[in-house]
Amino acid sequence: MHRFNRLTWRQTSRSLPFIGPAMVLLLVLMLYPMISVIINSTVDNYIVVDDSNWVGLEHYRTILSGSVFPRAFFNTSVFTVFSVAFHLVVGFIFAQLLNYPINRRVQSLFRVILILPWIFTAAVVAVGWRLLLNPLGIVNYVLQSMGLLTSYFPWFGASETALGALIVVNIWRGYPFIMVSLLAGLQGIPKVLYEAAEIDGANVRQRLLHVTIPQLMPVILSIGLLDAIWTFRLFPLVWLTTGGGPGRSTETLSTYTYKIAFNRYEFAEAAAMAVIILVCTMLLSVLYIRRQRMIQ
Amino acid sequence: MLPVVSFVYPLFYNIDMLEEAGYDSPPETREEFREMAEAVTNADEGRYGWSIMLDLGQPTGVPTDIFGWYWNAGYDVMEDGQPNLDTTGMVETLQFINDLQQDGLIVPGALSRSEPEKLEEFVNERTAFMVSSTAHIAMIRDRNPDLNFGIAPVPGPSDYDGPPASRVVGWDIGISGGASEAEADAAWKVIEYIMGPDVSAFIAENANALPGNLTASPDFGGSEMHESAYSIYQEADLYSPLVGLPDTQDLQRLFAEEVHALFEGEQTAEETAAAAQEHWNSIILGDD
C-alpha cells in the first residue's frame, strides 16, 4: 500500500506539467468565479455599494420564502421536463428517418435542413418565432384559414399559452443536437442484432423496443441529462420572447435572477439565486457523471 | 442635466383610417378616443383601434402607453418625492385602458408586444392609434411613405380642463461631478454654446428632434408633423418620470406586471393601482 502511494505520487508529479495548464484554466475560469459567487451571495450587496456587510444566509431566506421562487422553479421544471422529453422523441424520429438507406445526396440535404434550428442563435430564433406567433402573424393566419381558430390569438401574450408556446419554440430549437447524437448511436448498432432479430421473427415494433432502444439507452440517458442541464438554465430565448410574462407565467429561475441583478441591482441576492440554480444543475450533473462512469 | 434635443410622446393617428370611419380630426377626449377606436376596429380584417406594448423584457410601455394618459388627467406618478399611483385618476386610467382591452379594441398580444412590433402595426395600418416618440416619425415615413398620419396630444378625460401633458425624453448633457473647477468652467462654455438658440435650433433641425432651448426657432422645412410636435412641446406639461432613479426598470416592470394581472382578469383597477403603489413605496421609500 505504502509503495503504491509513493508510485502514484511519482506518477502524479510527472504528469503535473501536462495537466497543469488545464488545471490552472479550470481554477481561474471555473472554480474562482464559482467560489466568489458563493461568497458574494452572503453579503448585503456588492458592485453598487462601497462596503459590503456579511448577512449570512439572509438572501437565501428571502428568495426561498418569496412568492416568485416557487413559481419560477415550477415553470423551469415544466419547461425542462417537456423540452427534454420532446427533444428526445422528435430527435429520435428524425434520427430514424435520416438513418434510412436512401439516396446519399438526398440524405445529406435533409441532414442539413434538419440541423438548421440548432445553428441559429437564440436571438434569431426568438425574433423569428415572435413574428410567426404574432397575433397577426402567419401561424394564426394558417390556423384561421383551416378553421381551427376564430380570433387573432396572442400565443406569447396570454398566460395560459405562453409557457406552452415557449416550450414549442425550445423543442424546435433544441431537437437537432439530440437528433445528431442519436443518429450516431443508431449507426453504431451492429447490423447482426437486427439480422438475428429478423431471423427470430421480430416485427418492426419488436425490433425497435428490443434492439434499437436498449442499444441506444446509454446515449439517450446521457444526452437527456445533458439537455436537462442546458434547458434548466436557459435564459435568452425566454427573455427575448416573453420576458417572463404575462405576469409571472413564464418566469424561470434564470429570468428571475436577471431581474434581481439588472433591474433591481441586488447583485448579492442574484448571486444567491445563481447558487440555488447551481445546486439544482449540480444534482443533474451528478446523475450525468454517475451515468458516464457506469458506461465506462 | 440639460436636454440638447428632446422628443415628445404624442398620440399618432392614421388619418385615412379615421376618415374612413367618418372622423376628420383626432380625438380630444378619452370618450372620443374610445368611440373612434370602436369605429375603426374590424377584427375580421385584423384592424384595431389602438396598439400598446407591455412586454416585460423592456417595460418602456408603462410610461408611454399608461402614464401618458395619467398625466393628461392632471396627475403625476410622483408627488413631493412620494409615489402617487393609488389615486382616483390612476384607477380611472387603468379602467379606461382595461375596458378597451377587454372589448377587443387593442391589437391582441399587448402583454408580449415590444416597441418595434407596435411601430410595425402602426406602419402597416393594423392600428389607427399609438402613443410613441416623435423620434419615430422619420422611421415610419421610411417604412411606409404612403401612410397618411398625424400627431396630436394624448386625450384626457372630458372633465379635465388643464394643459395637455406629454412624456419627454432627451439626449442630455451634463458636467461630471468629478470635474475640477477649470474643467467645469470649460465644459460649461461648451454647454452654453450648444444650448444657445441658434445652435440648439441647428441640432434639432438636423436630428429631426425638438430643440433643448425652448426659445430656439428651428426651421423644420415646412414639416407639419414637426411643427405640431414643437407646439405640443412648447404648450404641454412635460414629464420625464423616474429619470435618475436607479430602479427605473424595476419600477416600470412591477407596474407592468400588475397591469398584466388586470388584463388577465385577476384583479380590479383599484387593486392594480394599490398594488403598484405598494411596490413603488417599498422601492422608493423603503417601506416593507
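The model is predicted: local features need pLDDT of at least 70, side-chain atom pairs count only at pLDDT 80 or more, and totals for chains, interfaces and linings use all residues. Residues are numbered from 1 along each chain as its sequence is written, chains are lettered from A in the order in which they are written, and side-chain values use heavy atoms, without hydrogens and water.

**Interface**
- Chain A brings 25 residues to the contact and chain B brings 26 residues, where contact means heavy atoms within 4.5 Å.
- About 1,900 Å² is buried between the two chains, 48% of it from carbon and sulfur atoms; this is the accessible area (1.4 Å probe) lost on putting the parts together, summed over both.
- The rule finds 3 salt bridges across the interface (a side-chain nitrogen of Lys or Arg within 4 Å of a carboxyl oxygen of Asp or Glu).
- A salt bridge joins Lys259(A) to Glu257(B), at 3.9 Å from N to O.
- On the side of chain A that touches chain B, 9 residues are nonpolar, 10 polar and 6 charged (Asp, Glu, Lys and Arg count as charged; Ala, Val, Leu, Ile, Met, Phe, Trp, Tyr, Cys and Pro as nonpolar; the others, Gly among them, as polar).

**Nonpolar cores**
- The largest nonpolar core has 50 residues, and those touching the most other members include Trp50(B), Phe67(B) and Leu94(B); a core is a set of buried (under 20% relative accessible area, 1.4 Å probe, protein chains only) Ala, Val, Leu, Ile, Met, Phe, Trp, Tyr and Cys residues joined through side-chain atoms within 4.5 Å.
- A second, separate core of 23 residues includes Leu182(A) and Leu216(A).
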